[in-house]
Amino acid sequence: MLKDEIKQGLQLQEIDLTIRKYVEERERKPLDLAAPVEKLREIEKETEELRARIKTMKAEVHGAETSLKDFDDKVGKMIIQSNTVKKNEEYQAIMREINAMKAEKSITEDKILEYYGRIEEADLAVKAKEGEIGKAKEELDLRKREVAAAVAEIDRKIDGEKPKRDVVTPAMDKKLLSVYERIASAKEDGAAFSEAVESLEEEKKRNGGKSVFMCRSCMVELSPQDVHLLKLRVFRQHLSLR
């Protein structure tokens, strides 16, 4: 009987929609990892930026220490030169130049000390970040295990629905099953069966007292004759229950 076939179709749809819900839930589960993954990437990025700064500062220190050696070499040569000059004016000029170089050397030494202090602070910051990376990885691993467990549970539920489908489909009319599957696969919500809703009293009055039905799914207007034909399985494009 048609009513029994429709009932079977509705049972199949309920199973399929349940499976669809589980599948969509399963597909969303990896999104739960987005936040902890992004957190880990951000900390790793900050750590690499700190390491790059340390590398740059060490290069600056190396350059400054090289310039100190050059200062010492130049000062040594000028002291030797000062011992060879005969005029006091020349001697004083050399001394002034030596003092200026010593002052510049002192500034460079202070800069080197400052760099060492900043490098030490950056090293400590890197160690702190490495600790944060360790914790972030632990959090991510924990979340991965949670997601894997949730996915496994969803798969268990899906597997639990499949035998129900295997029971219903063999008992269904083959043509009805074919139409059902074609419509269900084409619908965004996966629902092939939809309720035909009768118009309100106000709409009946505007329609001369005649009932007007509407497919709740596609919002197509149906006359009482349409609904009657649907029940007689003439219109296969609408599988409607009323």
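This is a predicted model: local features need pLDDT of at least 70, side-chain atom pairs count only at pLDDT 80 or more; totals for chains, interfaces and linings use all residues.

Colleague: Fine. Let's start with α4. How many residues does α4 have, and how far does it reach?

Modeller: Helix α4 covers residues 174-186, which is 13 residues. From its first C-alpha to its last, α4 reaches 18 Å. That is close to the 18 Å expected at 1.5 Å a residue.

Colleague: Which residues of α4 are buried?

Modeller: L176, L177, V179, Y180, I183 and A184. Look down the axis of α4 and these buried residues fall within an arc of 165°, so they line one face of the helix.

Colleague: And what does the face turned away from the buried side carry?

Modeller: That face of α4 carries exposed residues: K174, K175, S185 and A186.

Colleague: Which residue caps the N-terminal end of α4?

Modeller: D173 does. One of its side-chain oxygens lies 3.1 Å from the backbone nitrogen of K175.

Colleague: New topic. How many salt bridges are there?

Modeller: The count comes to 17 salt bridges. Take R26 and D155, which form one of them. Their closest N and O atoms are 2.6 Å apart.

Colleague: Where do those two sit in the chain?

Modeller: R26 is in helix α1 (residues 2-28), and D155 is in helix α3 (residues 88-168). They are 129 residues apart, and the pair links distant parts of the chain.

Colleague: How accessible are R26 and D155?

Modeller: R26 has a relative accessible area of 35%, so it is partly exposed. D155 is partly exposed too, with a value of 25%.

Colleague: What about R51 and E48? Where do they lie?

Modeller: Both are in helix α2 (residues 34-82). They are three residues apart, about one turn of the helix.

Colleague: What does K105 form with D72?

Modeller: A salt bridge, with the closest N and O atoms 2.7 Å apart. K105 lies in helix α3 and D72 in helix α2, so the pair ties together parts that are 33 residues apart in sequence. K105 is partly exposed at 21% relative accessibility. D72 is partly exposed at 41%.

Colleague: Which residues are linked in a network of salt bridges?

Modeller: K29, D32, R143 and E146 are linked that way.

Colleague: Last topic. Is Q13 buried or exposed?

Modeller: Q13 is buried, with a relative accessible area of 8%. Its place is in helix α1.

Colleague: What is Q13 in contact with, leaving aside neighbours within four places in sequence?

Modeller: Y180, A191, A192 and F193.

Colleague: How far apart are V75 and I94 in space?

Modeller: They are 9.6 Å apart, C-alpha to C-alpha. In sequence, V75 and I94 are 19 residues apart.

How values were computed. Residues are numbered from 1 along each chain as its sequence is written. Side-chain values use heavy atoms; hydrogens and water are left out. Helices (H or I, at least four residues) and strands (E, at least two) are DSSP runs, numbered from the N terminus. The expected span of a helix is 1.5 Å times one less than its number of residues. Buried means under 20% relative accessible area, exposed over 50%, partly exposed in between (1.4 Å probe, protein chains only). The arc is that of the directions from the helix axis to the C-beta atoms. A polar contact is a pair of N or O atoms within 3.5 Å; within protein, one must be able to donate a hydrogen and the other to accept it, and residues adjacent in sequence count only if both atoms are side-chain atoms. A salt bridge is a side-chain nitrogen of Lys or Arg within 4 Å of a carboxyl oxygen of Asp or Glu. Contact means heavy atoms within 4.5 Å.
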